[in-house]
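Please consult the sequence and the structure alongside the text.

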Amino acid sequence: MGRTNVRVAVRARPTASFAGENFQFNEAADSIDMRLPKDESAGLVNNQQESWHFKVDKVLSNASQEQVFELCAGDVVRSVMDGYNGTVMAYGQTGAGKTHTMTGGHMGFADRGLVPRAISLIYAEAAARPENNITIKLSYVEIYNELMFDLLTDVGVSDQSGDLNIVEDSRGNIQVRGLSTLVGGTEEEALHIFFQGDTNRHVAEHALNKGSTRSHVVFTIYVESRSRVESSEKVIYSKLHLVDLAGSERVKKTGSDGVMLKEATFINKSLTFLEQVVVALGNKHRDHIPYRQSKLTHMLKDSLGGNCKTTMIANIWPEAKMLEETASTLRFATRMMKVANEASVNVHLDPQLLIRKYERQIKDLKQELAMHDTLAGRSRVQYEDYAPDEQRELEAKVQQYLEGEISEIEVTSLRMVYEAFICFRKLYQGVRTELANRPAGGYSLPPQEKAEGATGYEVGGAAEQQEGEVGEDEDGKGIAVGVAPSGSRPPQEDRGGGGAGERGDDAEGGGGVEARTVRPARMGEDEKPPDKQAVFAEWKAREGQAYEDAFEKNRTELKNKRADMRDALISANNKKKEIDSAKESLARKQAEKGPDTRGDEDMIDEEEYALIKVLKETKQQYRDAFEKHSRVKMEVIQIEHLMQQCKQRLVQGFEEFYEQKYGHLLKQEAREEEGERYDPQEMFDLLEADRLETQHPDALAYHKARKNAARDVRQKKGVTRGGH
C-alpha cells in the first residue's frame, strides 16, 4: 500500500445552545463554514478575519455512536485483521465529547464507544477466520504529567513510579518497556480488561466538565495471526491504538488551580508538542521530526508519519462561547490531514518454525532424491556425512589413485567430492608432517639414497680409480689396458683335458667329445650360496638397520595405540551404562511428580535439574570417549599401513642385496638341480653369457643377437647344401 494521508473526521457535540449564526455544517460536502464577528474593542482599524472554511474527510453532526464507528473506525479495525497497524484518536477541547466518543456513555449498550465496538469487531473477525490461529493481547497505558502508568497491572497507579520507557525494536516498531500485555481469550475477557483499566484513570471536575480526564490514555490491541493451512512460520503482527487525548483548556474558563492547574499545564504542553510534530510532518522540507519532545508523540511515532492507518476524530463544541477553542481544533484538523503515512502488512517469519519447515523440506527432498536414484540405478549414492568406515574406504581409493594403482575414481555425489577433498588434505598434511619430522631423527624411513646404499656393496672410494685398473689414463698417451681385477675370469668348464671344446684340438686321451648329460663343474663349499636366513640376519644388523629400527618403533607405537583404543572403548562402554542409569533415574524422578503437576511441566526442582545436568555431562563424556576411540583407531590403521610398507621395503631391499651378491651362484645351483642336458656348445654358450653379464651387462644382448644371426646363416647354408 502506498502513502496515504491521515483521515480526519469532525464530530460536533450535540448542544441546546447551538450557535447557528457562527457555524454552518455541510455534511454532503464534508465542510464547515465558521464566522467569527470582529471584536469591537479593537478599534476602528480592525483587520481581524471574520470567516473560515474548513474541508475535512467527514463531518458528523448529531451522529450516533454506531454511525461514528462505521464511518470513522470500521475500516481501520478491519485492516488490522489483515496485518496493518491502525490508530483512532480523539482530539478536542475539554468537554467536547472525546471520552464519550472513545469509551461511551452510561445510557446502555447502544451508547458504547469506539473502544468496546472495536473489541467486538476484532473478535467477530477472528471468529470468521477459522483458517487462522489468532492471538489477541491488550495493553492500557496512561500519560499523566509526562509520566507513564500501567493501568492493567495489579499495582495501583498511586504506587507506580511512572518511569516506563519507550523504545524501538530492531524493526523500528515502538514499544513500551515494562508495560503489561494481557491475553484476551474471549470478547468478554477483553472488555473486562478494558473496563478494569479505565477505572484507574485520573479524573477531576472543573467548570466545563464534571468528569474531565486529566491524562492521555492509549488502549492498544495486539493481533498475532498464523495460518492453519499454509506455512505456519509466516506470522502477521498488527496493532490498533485507540487514543483518548486529554482536552486542551483555557485556565480562565475552567478556573483550575493547584493540582489541576499543574495538570492543565502538562496537558497543554504535550498537545503543543503534538501540534509541532504535525506541522513538521506537513512540511516536506523538514528533515527532523521532534517525536522525542514528549511521551505522547514518541509513543505515537508509528501513527504519525509511520507504518499505520490513522484516523483522527476532532471533537468540537459548537457554542458561541467556545468559538476560539473550536477554531483552534479545526485548524489542527486541517494540519493533520497533510500528514502522510505509509502502511504495509507486518509479515514476519518465525525463525524456529522456519527451521522446522526447512528440515521437513530437506527430508522430503532427500526421499525424493533417493527414489530418483533408485529408479536410475544409483542406489549406492551417499548424501549424508560419511561414517568412519566409509571415510577409510574412500581414503584407500584416494591412496590407490595417488599411487597409480587405479586410473580414476568414480564420483557418485557432491558429498563424495567433499569427502575426497578431505582425504586429499589429510594425506597431504600427513606427508608434510613426515617430511618436517624426518630431519629431527624420527622413525620415518630413510631416503632412497640410503636404501640403495644399504645393499651390501660397499663402494667407498668409488670416485677414486684404483691404480692399474682398465681404462686408466696413462700420462696423456691414451687409455691403458691395465690389469684386469682378480676374480673377473669366468668359471672354466672341466672337460677332462683342457681347452679342447674351445680350440677344437683332440684331447690327450683320444677320441672326440660325445653328447652326454653335462653339469657345470662342481663348486667348492665356499662357492655355494649361503643360507638365506643367516644372511638376512646379518644384513638386518648392518645395511637394513634403518628399516629394522623403523619397523620396531612402529610396532611399539602400535602397541601403545591399541592400548589407548582399548581404554577408550572401555570408557565409552562405561559412560553408556552411566547414561542408561541416569535416564532411569530421571524417568523415575519425573514419574514421581504425579498427575497434579502436569500444568507445570516446565518447572523442575533442583534434584531433577541435577539429574539432567549429570545426564548431559555424561553424554558429552561418552561422545568424547567414542571420538577418541575412532581417532585412535584411525591412527592404528595408519601405523599398520606403515608397518606393512616397512616390511615390504625390508624384504625388497634384502632380495635385491642377495640377488646382486649371490645371483650367479643361485643360477648355477638351479641348473644343477634341474639336471638339463647340454652339449659342449650349449655349455660354452652358458658360460660365455655368464661372463658377459658379469663384466658388461649391456653387451649380453648384443652378443646374443650376433650369435643368433650367425646360427640362422648356418642353418640357411645347410638347407642350401641339402637341396643340391
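How many bridges join β8 to strand β9? In this predicted model, 4 bridges link β8 to β9 (residues 147-150), and the two strands run antiparallel.

**Hairpin of β8 and β9**
- I143 lies opposite M148 of β9.
- The hairpin has 2 residues between its strands, and N145 adopts a positive phi near 55°.

- β3 (residues 23-26) pairs with β4 (residues 31-35) in the antiparallel sense, over 4 bridges.
- F25 has I32 in β4 as its bridge partner.
- In the hairpin of β3 and β4, 4 residues separate the strands, and D30 has a positive phi near 55°.
- β4 is also joined to β5 (residues 51-55) by 5 bridges, and these strands run antiparallel.
- I32, the bridge partner of F25, stands opposite F54 in β5.

**Helix α4**
- The 12 residues of α4 (residues 187-198) should span 16 Å at 1.5 Å a residue, and the distance of 16 Å between the end C-alpha atoms agrees with this.
- The buried residues of α4 include A190, L191, I193, F194 and G197.
- Because the buried residues of α4 fall within an arc of 155° when seen down the helix axis, they line one face of the helix.
- Exposed residues E188 and H192 are carried on the face of α4 turned away from the buried side.
- The cover over the buried residues of α4 includes α3 (114-127), β8 (132-144), β12 (182-183) and β15 (216-227).

How values were computed. Residues numbered from 1 in each chain as written. Predicted model: local features only at pLDDT ≥ 70, side-chain atom pairs only at ≥ 80, totals over all residues. Heavy atoms only, no water. Expected span 1.5 Å × (residues − 1). Buried < 20%, exposed > 50% of the residue type's maximum accessible area, 1.4 Å probe, protein only. Arc of directions from axis to C-beta. Contact = heavy atoms within 4.5 Å. Pairing = 2+ DSSP bridges.
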